[in-house]
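Please have a look at the sequence and the structure first.

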Amino acid sequence: MKPFTSTSFNASSANNFHINSANNENVARVKEFRESSELDSHSSSSGSDSTGNDSEETSTPDKPCLDERKKERPPLGFYVNRTGFPIKDFVWERMWQHVQNVHPNGFATSFKIRANKSLPNVPVPNLPNFTHGMDVALKLELVQKYISELKYNHTGTQFFEIRKDRPLSGLMESAKEMIRESLPIKCLEATILALHLTNGIPGLQRFTIGFKTQINTAWLSHVVLGIYYNGKFGALGLSRRDDLMYKPLKFRTLYDLIENYKTCYNKYFHVLKKVKIGYPISHDPHSYERINWKYLTLSMDKLTTEQKVKLMERFSRDLKTASLGFSSSPQVTCKKELL
């Protein structure tokens, strides 16, 4: 597992890279907190929709969640750091315990990393620098480059809590925290960060695109930031798979963009079941509006191609008639089509 650092992360956790006498106390504290920990994930065992960070479940002492090796794991995939920064000891120890549980040689790997006192510093990526007159497509490439350089978070602990019902202004504060800490992120965090970094680009429309896929009996969720500019569609985001995140501004229709994602999912034997397209998002970073993540919900296996094209074209017409962004409150003016 690749180590990582950040300014406040180092200040509070530098000594945690090696085993010391305080760990026994920390582990005891982890067990105490784990009984009431709220766990979020972008994967689930059923196709039902969920709220919050896509899905939530609580682990209880009488119903532990175990994998095939009888190791305790987050019920739906990964933990969430809900206590902010600096990272608390129990969150830190819980992360390492999860690594030990899921890694084939977990304890030895964890010990090797934490006992190493001379780990190299991980470089902090530079924010994109927009110059006057720069092409919008180039700006988006720089934004995606920055997001990708933060790396995808494989630790089993999401470092930044993203509540999807927070006002836009609050989510922008979370994005600023991601920049300050420069830690690995997941797809939902990357979507919020992309929103922050693209605020104020004239003529650029942003909207969320959520995917729900099925592989065997498992259901998984993913989200990216859809973008529209000058007649072309694309997307910004982050994923374990390179072809399920960034899409350059080259797609003539929204349908073409969604079909491209569907083709990429098929390569990994995932069946795309639902697509949730959000309401266009304001460029005002101080707005108290909430993101509407489900303005248009499409059941991909229940609609004909003609129906999907018609619904997406109707949504696209709204994008093309807007100038800088939709400023109307989604709670008042927005309608959702659920099929």
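## Salt bridges within helices

Lys176 pairs with Glu173 in a salt bridge, with 3.3 Å between the closest N and O atoms. The term salt bridge is used here for a side-chain nitrogen of Lys or Arg within 4 Å of a carboxyl oxygen of Asp or Glu. Both partners sit in helix 6 (residues 168-181), and because they are three residues apart, about one helical turn separates them. Helices (H or I, at least four residues) and strands (E, at least two) are DSSP runs, numbered from the N terminus. Lys176 is partly exposed at 33% relative accessibility, and Glu173 is partly exposed too, at 44%. On this scale, buried means under 20% relative accessible area, exposed over 50%, and partly exposed in between (1.4 Å probe, protein chains only).

A word on the source: this is a predicted model, in which local features need pLDDT of at least 70 and side-chain atom pairs count only at pLDDT 80 or more, while totals for chains, interfaces and linings use all residues. Residues are numbered from 1 along each chain as its sequence is written, and side-chain values use heavy atoms, with hydrogens and water left out.

Now move to helix 5 (residues 136-150), where Lys145 and Glu149 are four residues apart, so about one helical turn lies between them. Their side chains meet in a salt bridge with an N to O distance of 2.6 Å. Lys145 has a relative accessible area of 47% and is partly exposed; Glu149, at 33%, is partly exposed as well.

Which parts of the chain does the salt bridge between Lys267 and Asp243 tie together? Start with the contact: the closest N and O atoms of Lys267 and Asp243 are 2.7 Å apart. Lys267 belongs to helix 8 (residues 254-267), whereas Asp243 is in the loop between strand 8 (232-236) and strand 9 (247-251), so the pair links parts that are 24 residues apart in sequence. Asp243 is buried, with a relative accessible area of 16%.

Elsewhere, Arg82, Glu161 and Arg163 are joined in a network of salt bridges. How many salt bridges does a search of the whole structure find? The count is seven.

## Backbone geometry

Most residues other than glycine have a negative phi, and most peptide bonds are trans. With that in mind, a few places deserve a look. Phe85 and Pro86 are joined by a cis peptide bond, with omega at about -5°. Pro86 is part of the loop between strand 4 (78-80) and helix 3 (89-102).

Asn216, although not a glycine, has a positive phi near 55°. Asn216 lies in the loop between strand 6 and strand 7 (218-229), and is exposed, with a relative accessible area of 71%. Phe269 is another non-glycine residue with a positive phi, about 65°. The loop between helix 8 and strand 10 (271-277) holds Phe269, which is exposed at 69% relative accessibility.

## A lysine in strand 6

Is Lys212 buried or exposed? Lys212 is buried, its relative accessible area being 6%. This lysine is placed in strand 6 (residues 205-215). From Lys212 to Val223 the C-alpha to C-alpha distance is 8.9 Å, and the two are 11 residues apart in sequence.
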